[in-house]
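Visitor: I'd like to learn how to read a protein model. Could you walk me through a few features?

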Amino acid sequence: MEVDIVVVEFGESTERFWEQFYGQNKGYIEQQYDLYRQNPDAVEASIKEIFDTYGAPEWMNQNHIVQNTSETVNTFTINNVKKLTSALKLVEAIRRFGHLDADIYPVGEYKETGETKAIDPANYGLTESDLKSIPATWLWEKAPSEVENGLDVVNTLKKYYTGTITFEYDHVNNDEERAWLFELIESGKARLELSPDVRKRILERLVHVEGFETFLQKTFVGQKRFSIQGLEVMVPMLDQIVNDAITDKVENIMMGMAHRGRLAVLAHVLGKPYDRIFSEFHSSPNKELIPSEGSRGINYGWTGDVKYHFGAKREVKEGDETTRITLAHNPSHLEFVNPVVEGFTRAAQDDRSQRGNPVRDVNKAFCVVIHGDAAFIGEGVVAETLNLSGLPGYNTGGTVHIIANNLLGYTTDREDGRSTRYASDLAKGFEIPIIRVNADDPISCISAIKIAYEYRKKFNKDFLIDLVGYRRFGHNEMDEPRTTQPKLYQEIDNHPPVTKVFATALEERNIINTNHLQELEESVENELRHIYTSMKENETVETEVLNMPKELLSDLDIYETAIDLESLKDLNEGLLKRPEGFNGFKKTEKILKRREAAFDEGNKADWGTGEALAYASIIKDGIPIRFTGQDSERGTFAHRHAVLNDTITGQKYVPLHGLDEAKASFEIRNSPLSEVAVLGFEYGYSIQSPETLVIWEAQFGDFANVAQIIFDQFIGAARAKWGDKSNLIVLLPHGYEGQGPEHSSARLERYLQMAAENNLIIAYPSSSAQFFHLIRRQAAMGGHDEARPLIVMTPKSSLIRNTRVSSAAEEFTDGKFEPLKNQPNLEINKDSAKRLLIGSGKVMVEIEEVIENSGENYDWLRALRLEQIYPFPKDELEKVLKELPNIEEIVWVQEEPKNMGAWDFVDDYLQELITDGQKLRYIGRPDRSAPATGLPNVHKFEQNLIIQQAIKFSEGGNSSAGN
Ligand SMILES: Cc1ncc(C[n+]2csc(CCOP(=O)(O)OP(=O)(O)O)c2C)c(N)n1
C-alpha cells in the first residue's frame, strides 16, 4: 500500500501533532498503533518512539489522554514522519526486492542493474540528506555501530542484498528458518571473509579447471565435452561442500548432474584420473589406468556410454572415517537422475537391520543435485522430485540444489524458455530458500555453498543456489553460438575468464603478484601435457569387445523359494495378531480373518494371503523390503491392507512390523501422485541397497508410461550401459475388465519390446503361490550377479477375488515359480491333443472357468500358461511339444489387441517351434489404436468371442480372421 504521510513538524502539542494525519495515513497509523498496543516491540523503533511520546492517536483516544508533556515532544529528534515511514518502506524493500537489482550477471542483457525502482530512495521521495537525518536504529534495530544514519543503513543493506550474492527467502514461512537467514545476512556474515591463503588456493583450483578444459579443447579438437567454462567456480564450491561433509563425518555424498561441466567435476571432485579421461577421448579401451588417490573405478556395462554420462565413486578416508562421494551415471534426459540420487541418499540413510520401519539418520548422507537453468523449470520431473522432499516416505533430510545457470538452454533464450523471472522460481512453492550468486565472484560462490550446507545441517531441508555465469562456447564445442546469440557472444568473447577476474582482484589486494596467474597456468599445462604424453605411450590400440556377464545367462531356478508348512502357518498367524486394544475396522478385519484357515486341509490361500506371506517370509529371511506406490498400503483393489487404521485412535498398525520372526525392516508407503519421480527414487534405492527388495506398484499398469524414461534409460538399459545391478520389482495391475481404454492394459508389449540380453524378467503369474515364489525368487536374487528388475502384470479386482487364483498349502511348501505352467483342471491327454493353446494370466483363468462350466470333453485341447514371458521358457515349451505327437495347431490367445500384449513377442519364439504341417494362430482382439473399448457391452462381447474361439477347434489357417 502506498501511504502518503503528511509532513509533520515535531515540537507541537500532541493534539496538533495527530491533527496532521488524514486519509490513508490515518489508517496506517491506526494499524501500527493496534500492533503497538499488543506488543510495543512489534513496530519499528521509530514508530514505537512516536507512540511512546504521543500516546494513542488523538482520534482513537476518546478521552484525549495526553501522556506526554510538550517538553518530551520537543526531545523527539526526527523532523519528518513522512520521510521516516518512507525510509522504513525503502529498507523493507531492499530486503524483499534487493535481488532484482543484484550484481549477479557476469554478462548479458540483465547485467545492467536497475530492474526495479523499489529500492531507489528517489522513488520514496527521499534524498541522501533525508536519510542521513534519521538515526540508523530507527530503521534497523540491529544496525552495527559503524552504521550511524539512514543513508548508512541503506548502503549497508544494499551491499548485503544487491551484491554478487543475493537472497530470496520471503516465501519461507517457518519463523525459525527466516530468522536464521535474516540474522546471517544482516550480521554481514553471509559473505565469508577468506584468508589470503584460501583465496590463493581457490585461484589455483580455478586455474586447474580452466587449464583442463583448455587442454582438452586444444588436444581433442572438435570433440564434444560440454565444458564448464563460464561456471568454473562450481568445482571449488563442490570442494567446499565435500570438505564440510568430511569434517562432519558424513558417510555418503550423492551427486547428480547433467552433461554441463561433468568432465571437470569428474576430474576434480570425483578424482577421475586425467589420463583416464584423455584415454576416453581417444576412444581407447577401458584399460586399467592407475586411479588417483581415493578414486575408485565404477563398473561400466558392456555396451558402455558416452564419456559425459558416466558417474564415478570416490572414497576419502579421514582417520577411521570414510566419506564416499558418488556421482550417479546419467542419461541424456535432463533432470531424470534427480529422483534416482534421492533414492540413493535415502537408502544410504536407512538402517534396515531391525523389524519395523528402517531407522533413518539423515546425517549419514545427503545429496547435491546440479541442474540446468532451462531444464530446472522446463522438466516436470524437477517439480515431482521437489515434492518428495517433505514426505515421510521420501524425505532425505535436505538436498543442496545448484542451478548451473549459463543463461541459455541450448540456443533458447530465457524469454522463450520460461514464464518465470528466475530459473529457480519453481523452488519457491516448496519454500526452499534461494541464493543467487555471480559465478565471477568465487568468494560469494563459496559463501553460498557454505550457507546451503549449514542450512541443510540445521533444518534438514532443501536449499537452492542459482549460480549465474555464462557458457564460453556453444551448447557443445561443435556448436556455433554466434548464429543464434550474436550480441551475447560478442560480450562473452570479450569477457575474461574467472581466473583472470579473480587473479586481478587478488593482485589489487596484493595477495598475489602480477606473474602469479601466468606461472600457474603454465604449470598446469605442463602437468597435463606430461600426463597426456605418458598415457599415449602406454596406450593400446586394439578395441576390446565387452560381453554381457555370464551370470545373466544362468538359470533363474537356482533359488529355493518354498517354505515349510509350519513356518507358513506361523507367519500367517503372526500377521493376524493385533496389538492389545487395537480397534480394527470391522469389515476389513472380517475379511482378513478369513486368512486364518487358509492352510487348513482343503482350503486355499487367496492372492492377498500369498502376497502377505511372501513379504513375511522374506523379512524372516533377513531381507529388508521397501514398497511404495499410489495407495499401496491398502492396495488399489483393497486386497492388501498392509497398514491398518485404528477406528478410534487413528493409530496405524502394520502387521508385518509385528512379526516376531522378522529380521529386517519392512517399509510400505503410499506415494504421492507421481510415477516418474517415485519410480526413479525406488530404482535409485535398489541400486544403492542391492540387498533390499524394492517394490513399486502403479495404481493401474498403464500409468507407468508416465515413468517411461525411468524404464527406458534406467531399468531397461542401465546394466548394459553402466553395469548397474537392480532387482527392483514393478507391479503393474493389468487386465481387461471393461473399464475402458485407460484402466485395462499395463502395456505389456512395451516391456517385451525393450527385453533383450536378459535385462528384465517379465512375468504374468496366475496364482497366489506362483506370485509368492516369483517375489521370493526376486528377493533371493538381490545383490547377486543374476539380479535384474522384474516387471509383473498383476491381477485387478476380478482376478484378485477369483478363487481360481488361490493356492493350496502344498503349492507354497513345494516347488518353485514355474515359467510355464499347465492349465489347471484340464486333463492332459497327450495323444488326442490336437491344439496347443498358450496364453498368459487372466484370459487363461477365464478359459479354465468356461471349460469347466461347459461339461464338454476337451481331450483334444492341451493348454499352457506362459507365466514368465521373458526370459521366454523355450526349452520347457519345446519339451512339452515333443510329448505331443498329434498337435495340428499352436494357438496364442490374449485379451489385448493384436498389436499389443505379448503376441508380437511370442510369435518369434513360436514360429521357431512349429514343425511342418503345424499351424500357428492368433486369437485376441484385432489391431487397435486404443488398448480397450470404453463400452462395457462391447468388451463383454469381445471377451466372450475370444474365449469361445480359444476353445473351439478350427479348421486351421494362420490368421486372426473372425476374431
Ligand atoms: C529431456 C531432454 N530433452 C531435451 C534434451 C536436449 N537438450 C540437451 S541440452 C539442452 C539444453 C539444456 O539447457 P540447460 O538446462 O540450461 O543446460 P545447459 O546445457 O545450458 O547447461 C537440451 C534441450 C535433453 N537432453 N533432455
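This is a predicted model: local features need pLDDT of at least 70, side-chain atom pairs count only at pLDDT 80 or more; totals for chains, interfaces and linings use all residues.

Visitor: How do α10 and α20 run relative to each other, roughly parallel or roughly antiparallel?

Guide: Start with the crossing angle: over 145 degrees counts as roughly antiparallel. Here the axes of α10 (residues 196-219) and α20 (residues 498-508) come within 9 Å and cross at roughly 160°, so the two helices are roughly antiparallel. Their crossing is left-handed.

Visitor: Which residues make the contact?

Guide: On α10 they're R199, L203, L206, V207 and E210. On α20 you'll find V498, T499, F502, A503 and L506. Sort the residues of this contact by type and you get seven nonpolar, one polar and two charged.

Visitor: Now the backbone. What is the peptide bond from Y870 to P871, cis or trans?

Guide: Check omega for that one. It is near -10°, and the bond is cis. P871 sits in the loop between β23 (868-870) and α33 (874-882).

Visitor: And what about phi at N510?

Guide: N510 isn't a glycine, yet its phi is positive, about 60°. You'll find N510 in the loop between α20 and α21 (516-538). For exposure, count neighbours: 12 or fewer means exposed. N510 has 8 other C-beta atoms within 10 Å, so N510 is exposed.

Visitor: Where is H641, and how exposed is it?

Guide: H641 lies in the loop between β12 (625-629) and β13 (644-645). Its phi is positive too, near 50°, and H641 is not a glycine. H641 has 19 C-beta neighbours inside 10 Å, so it counts as partly exposed.

Technical notes:
Residues are numbered from 1 along each chain as its sequence is written. Axes are lines fitted to C-alpha atoms, for helices over the stretch in contact, and angles run from 0 to 180 degrees between N-to-C directions. Helices (H or I, at least four residues) and strands (E, at least two) are DSSP runs, numbered from the N terminus. Angles under 35 degrees count as roughly parallel, over 145 as roughly antiparallel, 65 to 115 as roughly perpendicular and the rest as oblique. A crossing is left-handed if the near helix is turned anticlockwise from the far one by less than a right angle, and right-handed if clockwise. Two residues are in contact if their C-beta atoms, placed from the backbone, lie within 7 Å. Ala, Val, Leu, Ile, Met, Phe, Trp, Tyr, Cys and Pro count as nonpolar, Asp, Glu, Lys and Arg as charged, and the others, Gly among them, as polar. A residue is buried if 20 or more other C-beta atoms lie within 10 Å of its own, exposed if 12 or fewer, and partly exposed in between; C-beta atoms are placed from the backbone.
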